[in-house]
Amino acid sequence: MGNRINSPAVLWAVTAVVALATAGCASRGGSGSQPAAAPAPAAAAPAAPSGSKAGMDARGNVTDSSKVEAGSGRTVKGLNGYEGEITGNPARNSKFTRLQIGMSAKQVTDLAGPPTDQGAYVTGKAFIPFYFGSDRHRFEMTYKGQGRLIFAGGGMGEYTGGNLIWIIHNANESGYR
């Protein structure tokens, strides 16, 4: 009886070894049986001019909609108490000037017309177990020569609805995501 194994300690040790091995494999991007390739040398990205934010110039105009980060515009209160953001300066005769944060996707397309391109993507909230609140996904519409509109998700499984939460004005928008 003196050679008894402490089973909770053994279970903890085995769990720790498996977790470390899994983390090591995941960080290498493989199963661990092949050596990881050396990272390619990174090209030096041009630095943003001082005083400007990513994807924007010093005057507050958006130069690249895909690089604009949340928080680089002004926060506004919209319809039904929705809070959102407006980034950049509107193009001349912009359809976006009639839009308000909080509008539904249908209201937006009634005012601004059909987008040049559109698509949906999930947010980090989609991976929270048992989270059924809003903003599990985002829906994005792009308009050539106007900019982009971002909507916070509607109901579960519905990726084409929601309410407008971010207007990105960009007169140089290509219209494609």
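Residues are numbered from 1 along each chain as its sequence is written, and side-chain values use heavy atoms, with hydrogens and water left out. Because the model is predicted, local features need pLDDT of at least 70 and side-chain atom pairs count only at pLDDT 80 or more, while totals for chains, interfaces and linings use all residues.

**Stop 1: the hairpin**

Select strand E1 (74-77) and strand E2 (83-87). Strands (E, at least two residues) and helices (H or I, at least four residues) are DSSP runs, numbered from the N terminus. E1 and E2 pair in the antiparallel sense over four bridges; two strands pair if DSSP finds at least two bridges between them. Thr75 has Glu85 in E2 as its bridge partner. The two strands form a hairpin with five residues between them.

Now select Asn80, in the loop between E1 and E2. Is Asn80 buried or exposed? Asn80 is exposed, with a relative accessible area of 75%; buried means under 20% relative accessible area, exposed over 50%, and partly exposed in between (1.4 Å probe, protein chains only). The phi of Asn80 is near 55 degrees, a positive value in a residue other than glycine. Most residues other than glycine have a negative phi.

**Stop 2: along E2**

Return to E2, where four of the five residues are buried. E2 also pairs with E6, in the parallel sense and over three bridges. Select Thr87, which stands opposite Ile168 in E6. Next, select Asn93 in the loop between E2 and H2. Asn93 has a positive phi, near 60 degrees, and is exposed, with a relative accessible area of 72%.

**Stop 3: the cores**

A nonpolar core is a set of buried Ala, Val, Leu, Ile, Met, Phe, Trp, Tyr and Cys residues joined through side-chain atoms within 4.5 Å. In the largest core, of 15 residues, select Leu99, Val108, Leu149, Phe151, Leu164 and Ile167, which touch the most other members. Helix H2 (105-112) and strands E4 (137-143), E5 (147-152) and E6 (163-169) each give two or more residues to this core. A second, separate core of eight residues includes Val62, Ile150, Ala152 and Trp166.

Keep Ile167 selected and show its contacts (heavy atoms within 4.5 Å). Beyond four places away in sequence, Ile167 touches residues including Glu85, Phe96, Leu99 and Arg148.

**Stop 4: Ser66 and Arg148**

Finally, select Ser66, in the loop between helix H1 (7-28) and E1. Ser66 is exposed, with a relative accessible area of 52%. Ser66 and Arg148 are 82 residues apart in sequence and 9.3 Å apart in space, C-alpha to C-alpha.
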